[in-house]
Amino acid sequence: MADSSVRAPPVTTGPALPVVGKSEIRPTWCPGCGDFGVVAGVEMALKKLGIPSHEVVIVSGIGCSSNLPHFLSSYGFHGIHGRAVPVAEGIRWANHGLTVIGTGGDGDGFGIGVGHFVHAMRRNVDLTYVTMDNQIYGLTTGQASPTSTMGHKTKSTPEGVIEMPIDPVALALASGATYIARGFSGDVKHLAELVANGIRHKGFAFVDVLSPCVTYNKINTFDFFRQRVYKLESSGHDPADKVAAWQRALEWGDKIPIGLFYRTERPTYEDLEEVLHAGPLARQPAGVADLGKVLDEFV
Amino acid sequence: MGLHVFGMNAYQSVIRGGHVWFQARAADRRVYSQGDGADLLYALDRQTVDVHVHDLRPGSTVVHDPEKFPLDAKDLPAGVRSLAVPTLEIARKYTTQSILQNAVGLGATSFLAGIPLDVIQGVLADSFGKKKGEVVDWNLGASADGYRFAESHAGANEHAVSRRGPPKLLMNANQAIALGAAAGGCKFLAQYPMTPASSIMHWMAAHSSALGVVVKQAEDELASINMAIGASYAGVRSMTATSGGGFSLMVEAMGMAGMTETPVVIVESQRAGPSTGVPTKTEQGDLNLMLGAGQGEFPRAILAPSHPKEAYAAAIEAFRLAEAWQTPVLIAVDLHLSESFQTVDRDELSSPGPIPSLFTVEPNGHSYLRYQYTDSGVSPRAIPGQPGLQFVAGSDEHDERGHLVSDIRAGIPKWVSERQRMMEKRMHKLAGLARDVAPPVLEGPTDAPLTFLSWGSSVGAVRDAMAELSRGGTVSNLIWFPAVYPMAVEAVSALLGRTRRTLLVEANFSGQFGRLLRAETGFVPTDRLAKYDGEPFYPHEIVAKALEVSSHGRQ
């Protein structure tokens with residue numbers, strides 16, 4: 001089925017090269033951490049798509065969840081706190097033949113890095129951004145995060161959080177992301193489907209994953225979510241309807257929707273950047289071919 | 001006209017209004033600074049006369065329009081003439097748009113400067129060539145009228161220039177850096193607007209399609225440098241450019257480039273700080289910042305050109321060094337160098353030749369070690385997309401394979417020594433870099449009683465001051481540092497050891513380069529000339545200081 005919003009599969013010649021699997025490093029997350037479900041979902045999605053591991057780059061910032069690139073057999077860039085998205089954008093523009101996946105936590109993406117998140121969405125850079133949203137700072141041992149709910153008592157807010165949480169799905173809708181989904185790390189198959197479709201989607205795909213922190217967040221637990229989540233695809237939601245997507249994005253309470261909120265088509269940044277029409281930048285010739293002609297401008 | 005030119009644009013941090021002036025100096029020998037004094041002043045308002053009257057030399061002329069403001073002979077120093085040109089009246093012959101007065105004034109000043117009418121009209125035709133015929137005709141007519149008015153109302157100017165040869169190139173250091181970067185293989189520039197670095201982005205954006213360089217105006221400087229590092233990791237030679245404020249935001253990511261051993265070129269065009277400081281004025285006050293940027297220790301190089309032709313070469317060299325040593329390289333310039341126009345000959349800007357491929361590492365069937373221990377400290381660098389060489393570039397400490405030693409391995413004896421060894425591998429690159437960067441340059445006689453020490457834009461005024469001193473019989477020479485860091489300490493010490501009296505010239509309060517020199521070599525200059533008023537050095541200030549220290553310090 002021809003669909004211009006879905007990327008063509010990469011053309012590979014010669015013997016099939018290995019697809020993404022586990023690396024030789026085992027995750028160091030706490031037993032029971034939601035992020036195990038996310039790395040499994042990302043691995044499952046990449047396997048399903050059959051993209052060779054050398055054509056995938058997984059980028060992250062800093063935080064428990066940002067260790068994810070080490071656990072898979074693709075290329076990876078484990079950068080600094082809050083800057084996964086601009087590094088991922090730079091990689092995409094350098095070589096838009098690569099599949100680029102940004103990963104990280106809610107502090108990384110919606111706190112220190114929120115500016116980059118918003119701008120990458122309005123640019124519609126063709127990358128997939130998977131956040132492991134546990135509504136707490138884990139690696140720094142339990143402070144409030146930008147998605148911690150009002151009243152949540154943490155080490156930094158012993159009397160409870162007194163700020164409204166960021167709603168990542170609504171923020172993505174407002175910022176121009178073209179694929180917006182929410183997954184739950186307690187449902188890996190469903191999550192893998194959302195991530196795989198996000199990778200196949202041509203444009204900025206955002207998958208916010210409810211990924212409980214079993215050590216520092218005693219409110220937003222697996223049980224908390226299991227009692228509340230329902231799937232958008234089995235509730236008659238039309239992901240082409242932006243107004244309906246807004247209504248679903250605002251739902252957070254006894255019922256929490258997961259699945260695809262919104263999907264649309266729009267040219268990507270790479271489509272509109274003329275220089276990239278000549279192919280991946282990393283494979284284009286470098287240097288000034290006719291220096292004399294350029295120097296004529298300075299006469 | 002084949003003359004050597006130095007042009008300095010002086011302005012204020014306002015979009016309209018304020019006192020704005022452009023200072024042009026031309027000679028048949030090379031001029032390295034805006035020089036001292038003026039032979040010709042075209043004053044568009046009264047403030048221009050008030051501000052610049054003291055710059056006027058005997059025999060100079062002030063061009064003005066009495067319809068705009070009156071000018072009495074008593075307002076001017078002895079020996080300074082005025083020429084009243086009815087610029088507005090002549091402009092009205094063509095249009096109601098008073099801006100055409102500029103073409104009249106340009107014609108009149110061209111005559112006084114000795115620039116033939118055909119030359120100035122050629123420039124106007126080039127500038128307005130894309131506009132409608134009427135505008136071109138007005139400008140050509142008005143400039144000719146101004147020229148002829150001056151011809152019939154003013155006497156000959158003893159300082160007039162004359163044609164010397166084929167036209168030279170005219171560029172500022174920002175243009176030269178952008179051009180040199182492209183020539184050196186830069187394919188990606190990410191930048192956030194900030195004076196005085198913005199024109200690097202402007203030039204590159206204007207040439208983006210023709211040269212095949214992706215130019216990204218990022219949301220902030222944090223994004224700029226992280227995008228550049230991401231692009232570099234993925235196999236594209238990448239650059240970012242900013243001023244001190246923006247560079248302050250880039251500091252953390254620069255350390256990430258050092259830790260992940262990802263090449264990146266950063267242009268830091270300094271302006272008068274601290275904080276917002278004087279945004280449209282110059283200073284060399286960020287050297288300490290550049291030297292110390294980033295937590296922990298990692299190798300870096302800081303190149304400091306002193307002229308646009310050197311800025312072009314420095315950009316090419318920065319890309320070579322960043323790639324050879326897989327670490328960040330800074331190009332330190334400042335507002336004065338970034339924005340002043342200087343003439344360059346074509347043969348001073350050479351092509352670096354073919355740019356080598358980055359896809360060089362081949363899989364050999366063994367596990368690829370991105371951070372393999374080597375004698376030089378430089379490890380084979382794979383690029384994403386190459387099969388069988390997957391690795392993770394980590395900002396955490398890591399082993400040869402790239403695996404973290406920062407979490408469950410931290411503090412375990414085997415990994416404690418691994419951490420030490422990896423630090424030594426990275427830092428060992430600094431020794432190689434010190435041998436690889438350009439050594440300090442000695443200009444002038446090898447043996448002189450006075451040696452100037454300087455770096456960056458201040459070198460230009462020192463060169464002009466040396467010529468002036470020489471005319472007065474004072475012999476001096478200059479040691480300047482095309483790369484201020486790292487230093488090949490023995491070679492630098494040997495060069496400094498041959499000096500007698502030394503005068504350090506740099507545009508900051510505390511003598512930051514002097515401190516670096518002392519830290520690296522133990523050498524302390526005899527005297528120091530500092531400047532931190534936002535203005536560049538003028539040759540006469542350096543001459544005066546040189547004569548002062550020479551007279552009381554004669555050995």
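Pairing inside the sheet

Reply: Start with one pair of residues: B:T451 has B:T502 as its bridge partner, and that partner sits in β19(B). A quick note before going on: this is a predicted model, where local features need pLDDT of at least 70 and side-chain atom pairs count only at pLDDT 80 or more, while totals for chains, interfaces and linings use all residues. Residues are numbered from 1 along each chain as its sequence is written, while chains are lettered from A and ligands numbered from 1 in the order in which they are written.

Now zoom out to the two strands. β16 of chain B covers residues 450-454 and β19 of chain B covers residues 501-506. They run parallel, and five bridges join them (strands pair if DSSP finds at least two bridges between them). Strands are DSSP runs of E with at least two residues, helices are runs of H or I with at least four, and both are numbered from the N terminus.

So where does that pair belong? In chain B, five strands make an open sheet with mixed pairing, in the order β15-β17-β16-β19-β20. The edges of chain B's sheet are β15 (441-443) and β20 (527-530); each has a single partner strand, so one side of each has no neighbour in the sheet. From one strand to the next, the twist averages 20°.

Then there's a helix packed on the sheet: α15 of chain B, residues 458-471. This helix touches β16, β17 (476-480) and β19 of chain B (contact means C-beta atoms, placed from the backbone, within 7 Å). The direction of α15 makes about 165° with that of β17(B), with angles running from 0 to 180 degrees between N-to-C directions of axes fitted to C-alpha atoms, for helices over the stretch in contact.

How values were computed
Contact = placed C-beta atoms within 7 Å.
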